[in-house]
Amino acid sequence: MQHHDIPGTIVYDGAEAQKGYALNAMCYSFNSAANRDEFKRDEDAYCTKYGLNDEQRAAIRERNVLKLLAAGGNVYYLAKFAGILNLNVQDLGAQQTGMSVEAFKEKLAAAGR
Amino acid sequence: MAQIVGAIATSHIPAIGKAIAENKQNDPYWKPFFDGYGPALSWLKQAKPDVVVMIYNDHGLNFFLDKMPTFAVGAAAQYRSEDEGWGLPVLNSFPGDAALSWHLIEHLVADEFDITSCQDMAVDHGFAVPMNLLFPNAGGQWPVKTIPVSINTVQHPLPTPLRCWKLGRAIGRAIESYPKDLRVVVFGTGGLSHQLDGTRAGFINKKFDLYCLDTIVRDPEALTKLSVMDLVREAGAQGVEFLNWITMRGALLGQVSKIHSNYHIPISNTAGATLVLENRTEAQSQAA
């Protein structure tokens, strides 16, 4: 549910959690190094193992954070997918806001001034 | 009797754990943040806690969406640090105090908080980073026993600030009714404002954070008038971790005074903050 009061913000509720269950279950499995390796060996087979739908598989393939969120991904589980890709939260923020990583970091620093 | 001698609130941003592992405390980026911990360490040294009650949130290590307790209390002899998937070092296990945990669980349920008890629990950066920050010389031999209290900040509906305040009050009453002479410090972790997801990612609200840092000391019940949506709007989607701070503050039943606070933007995508509070009983306040 995109909360109408708060632009650009996801209120991760029951509807989201139902929609994203398979995607998040896969990402939760990435707590284990063996599972991360298995995913890296054959991403498609791993997505099938966890029953991802087409929208979720496409978002994983494209490494597109907003699409992963739209497909029901929760940011805390998605962070474990980002870990596989060696992306930190500034990289994710930059991608979601369409900024360069440098510009995104500057935006964060500017909030302190 | 057990006594809650004070509380420390601190951010638990994963990047802090990495910075500690890489000894970056004096880097220009990190120094303004780590410098905020000196007074907290001094206070903790003289507070000599036997037990830390750690009020935090799990971010997808111990709990998944299959079973998501609103409030969970650890009841184990130890709590594991584990791989979270993105390279944060795994630390030595944290010792528990199962007897005090069960005392807390008994009292909370009698007090109508229907918590989930956990005899097997891995604790993530929400727990481990504050331990690493506040016991920097432990070398993995943690000098306190710990009791994890995990609050759901992942999947809405989240508990309200008022409910968290009341939980904190109940924790305070439960701990202070424990017959052993233990010195207890409550940690509340997370925050302050930050948002990781959506097109508002990178949102930080200094004005609201400074209001919270001040109000939680002198008028904490004012914060219980906020709704969860107020927190999402003003503190960001993940800034709702402030619920952990409100719970912590609720556990302080005596005369509360601020020992120290620090606030620094940014650490990673977050406003980093620390707050140290002392809790004195009526009798101690009169004697002082």
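How far is the sulfur of Cys212(B) from the closest cysteine sulfur? The distance is 13 Å, to the sulfur of Cys164(B), which is too far for a bond. Cys212(B) is also buried, with a relative accessible area of 1%; buried means under 20% relative accessible area, exposed over 50% and partly exposed in between, with a 1.4 Å probe and protein chains only. This is a predicted model, in which local features need pLDDT of at least 70 and side-chain atom pairs count only at pLDDT 80 or more, while totals for chains, interfaces and linings use all residues. Residues are numbered from 1 along each chain as its sequence is written, chains are lettered from A and ligands numbered from 1 in the order in which they are written, and side-chain values use heavy atoms, with hydrogens and water left out.

In chain A, the sulfur of Cys27(A) has its closest cysteine sulfur in Cys47(A), 8.7 Å away and too far for a bond. Cys27(A) counts as buried, at 0% relative accessibility.

Cys27(A) lies in helix α2(A), where Leu23(A), Asn24(A), Cys27(A) and Tyr28(A) meet Tyr77(A), Leu78(A), Lys80(A) and Phe81(A) of α7(A). Contact means heavy atoms within 4.5 Å. Helices (H or I, at least four residues) and strands (E, at least two) are DSSP runs, numbered from the N terminus. The axes of α2(A), residues 21-29, and α7(A) come within 8 Å and cross at roughly 50 degrees; axes are lines fitted to C-alpha atoms, for helices over the stretch in contact, and angles run from 0 to 180 degrees between N-to-C directions.

A nonpolar core is a set of buried Ala, Val, Leu, Ile, Met, Phe, Trp, Tyr and Cys residues joined through side-chain atoms within 4.5 Å. The largest has 74 residues, and Phe187(B) is one of those that touch the most other members. Leaving out residues up to four places away in sequence, Phe187(B) touches residues including Ile8(B), Leu44(B), Pro130(B) and Met248(B). A second, separate core of 62 residues includes Ile4(B) and Ile246(B).

Met248(B) is also among the residues touched by Ala7(B), again not counting residues up to four places away in sequence. Ala7(B) sits in strand β1 (residues 3-10) of chain B and is buried, at 0% relative accessibility.

Definitions and conventions
A disulfide is a pair of cysteine sulfur atoms within 2.5 Å.
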